[in-house]
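We will go from stop to stop, selecting residues as we go.

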Amino acid sequence: SYQLSSRFDIQEIGFSLGEYLKATVNLTLKGSGTFPEINGLAELSSDMLSLNGRPLGGFKIESWIEKGSQKEPLKVAATGSFLEGLIIFRVNSSLMHKEPYYSGEVIFRDGDYKAVIHALLKESPEDIGLNLKGIVRMDGHGSTASGVADFEKFVLTGYGHQLKNSGPVSITLDRNVITLRAFNLINEAGSITGSGRLLIGQWYDLELKGSTYLWPFKRFSRSIRTIKGRADLEISITGRWESPVFSGTVSLKDGTIGIEDIPYHITQAEFLIRLKENKVDIEYLTGKVGGGSLSAKGVAYLRGFRLGRFNIELMLNDINARVSEDFDTTFNADLYLKGDRYLNLITGDVRLKRAVYSRFIEWRSWMLRLKKETPQPEISVPSWLNAKLNIRITGGDGTGRGAAPEASSVLLIDNNIVNATLRADLLLKGTLMRPVLLGRVET
């Protein structure tokens, strides 16, 4: 007979997920016999399991080993619980066959699973919540598995909205092929239905359609500060696992989009996007920004689930923008945005309709600024701020732009140093992070 007790950290045993999962584990082994004719009891427990630094509560696992022989398989049974008893599982297996057999079930008791969401997402809203109730049953031999997952309750909340099931959510596994039976999730904007099959690591054959608010998509980019509106979508995902193919349409109504580090929001946004074999056609995009309007059209390509090459034409009209303190402008612009996953180049024309610089200048501070400044350390910036610029800026010609003959373009400096109207013909080079102005400004 034997008895062994030990206390250790998960990462000490080279556990493949030890970088993310952390726990101090208590292990107790009791039994008798020599392999393969052994029997015994093993207990594994921890007061606290954490994932990505977020606490998930304690867990406990008990397993029994029944005596085998050279001809009979070694039988192992285990039960356990996680999340303070919210998740309960049972497993039975027979070893020492060429392809070991196993069966089991995982019960998700009715309760709040937001701790799991917080742990999986490095950044999540304070009101995030996930309520589940369901059961997963599986059996298999060797590397082939089958099973079914049935959830009678699925409620996801966040950013002040809610998404919940209107009927059972059922997923089957047949010889490693996952089939998503038609399900329906409802929200304030309507409902989303999904169905299809996939083989993990091999291929997709999925369909998704319906209406939803955009708040779940905030998770796709840290640069998105605000995203609101109702989207109607009908999308299929097919093809190989490493190179999925997207087809369908996505439209948006009454949207609001805000990007980190940009002080202006796009409001009343509407767009229609068509996808065909990973080509994304932006048929139209319109909205309001800075007291004016914008419209855009263009094309992009997807590489799997990531954005690839894109080319977008952006038209801005009557945009009011504050370049810096006491420097206000109104302008029209035709810009062209090009990139490959990240924004690489912005070209086009900006036509100033009005620009007023009124900052009070103190001579002493102005002269001090002429001294050589101490070099600043390099800082990490978003990739789009490194986009190159090649933009012509004109204004102050007195004619402006448009059909109305009375349209005018006025550039004015009005401070304690100068009071004058100007004409400008400039070229904006450099990058968004470090722009450089070339050209001339004259009275």
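Start with a term. A residue is buried under 20% relative accessible area, exposed over 50%, and partly exposed in between. Arg341 has 36% relative accessibility, so Arg341 counts as partly exposed. Remember that this is a predicted model.

**The whole chain**

Show the chain as a cartoon. It has two helices and 26 strands. Now colour by burial. Of the 443 residues in the chain, 34% are buried. Residues 24 or more positions apart account for 43% of them.

**Stop 1**

Select residues 306–324 and 327–340. These are strands β20 and β21, and they pair in the antiparallel sense over 13 bridges. Which residue of β21 is the bridge partner of Asn311? Click Lys338 to see that partner.

Now look at the turn. The hairpin of β20 and β21 has two residues between the strands. Select Asp326 there, and find a positive phi near 65 degrees.

Select Phe331 and then Leu352, its bridge partner in β22. While you have the strands on screen, keep a general rule in mind. In a regular strand, side chains alternate between the two faces of the sheet.

**Stop 2: Arg341 and Tyr342**

Go back to Arg341. Its place is the loop between β21 and β22. That hairpin has one residue between the strands. Phi of Arg341 is near 75 degrees, a positive value in a residue other than glycine.

Step along to Tyr342, in strand β22. Is Tyr342 buried or partly exposed? Its relative accessibility is 41%, so Tyr342 counts as partly exposed. Setting aside residues up to four places away in sequence, Tyr342 touches Phe310 and Ser383. Next, pick the C-alpha atoms of Tyr342 and Leu307. They are 8.2 Å apart, although the two residues are 35 residues apart along the chain.

**Stop 3: the nonpolar cores**

Show side chains. The largest nonpolar core has 45 residues. Select Leu314, Leu316, Phe331, Leu335, Val350, Ile391 and Ile393, the residues that touch the most other members. Strand β20 supplies the largest share of this core, with six residues.

Zoom in on Val350. Which residues is Val350 in contact with, leaving aside its neighbours within four places in sequence? The list runs Phe331, Asn332, Ala333, Leu335, Ile391, Arg392, Ile393 and Thr394.

**Stop 4: aromatic rings**

Show the aromatic side chains. There are five aromatic pairs in the structure. Take Phe82 and Phe89. Their ring centres are 5.9 Å apart and their planes are at 25 degrees, so the pair is stacked. The cut-off for stacked is planes under 30 degrees apart.

Phe82 is partly exposed, with a relative accessible area of 27%. Phe89 has 14% relative accessibility and counts as buried. Phe59, Phe82 and Phe89 form one aromatic cluster.

**Stop 5**

Select Leu83, in the loop between β5 (74–82) and β6 (87–95). Phi of Leu83 is near 50 degrees, which is positive in a residue other than glycine. Leu83 has 13% relative accessibility, so Leu83 counts as buried.

Which residues lie nearest the centre of the second largest pocket? They are Leu83, Ile87, Phe108, Tyr113 and Val116, out of 16 residues that line the second largest pocket. Its volume is about 330 Å³.

Colour the lining by element. β3 (37–51), β4 (54–66), α1 (114–120) and β8 (129–141) each supply at least two residues. β4 gives the most to the lining of the second largest pocket, with four residues. Leave the pocket on screen, and turn the model to view these elements around it.

Key
Residues are numbered from 1 along each chain as its sequence is written. This is a predicted model: local features need pLDDT of at least 70, side-chain atom pairs count only at pLDDT 80 or more; totals for chains, interfaces and linings use all residues. Side-chain values use heavy atoms; hydrogens and water are left out. Rings of Phe, Tyr and Trp (its six-membered ring) pair if their centres lie within 6.5 Å; planes under 30 degrees apart count as stacked, over 60 as edge-to-face and the rest as tilted. Buried means under 20% relative accessible area, exposed over 50%, partly exposed in between (1.4 Å probe, protein chains only). Two strands pair if DSSP finds at least two bridges between them. A nonpolar core is a set of buried Ala, Val, Leu, Ile, Met, Phe, Trp, Tyr and Cys residues joined through side-chain atoms within 4.5 Å. Contact means heavy atoms within 4.5 Å. On a 1 Å grid over the protein atoms alone, a cavity is a set of points where a 1.4 Å probe fits but cannot get out, and a pocket is an open set with protein on both sides within 12 Å along at least five of seven lines; lining residues have an atom within 4 Å of a point. Grid points are joined across faces, edges and corners, and a volume is the space filled by probe spheres set on the points.
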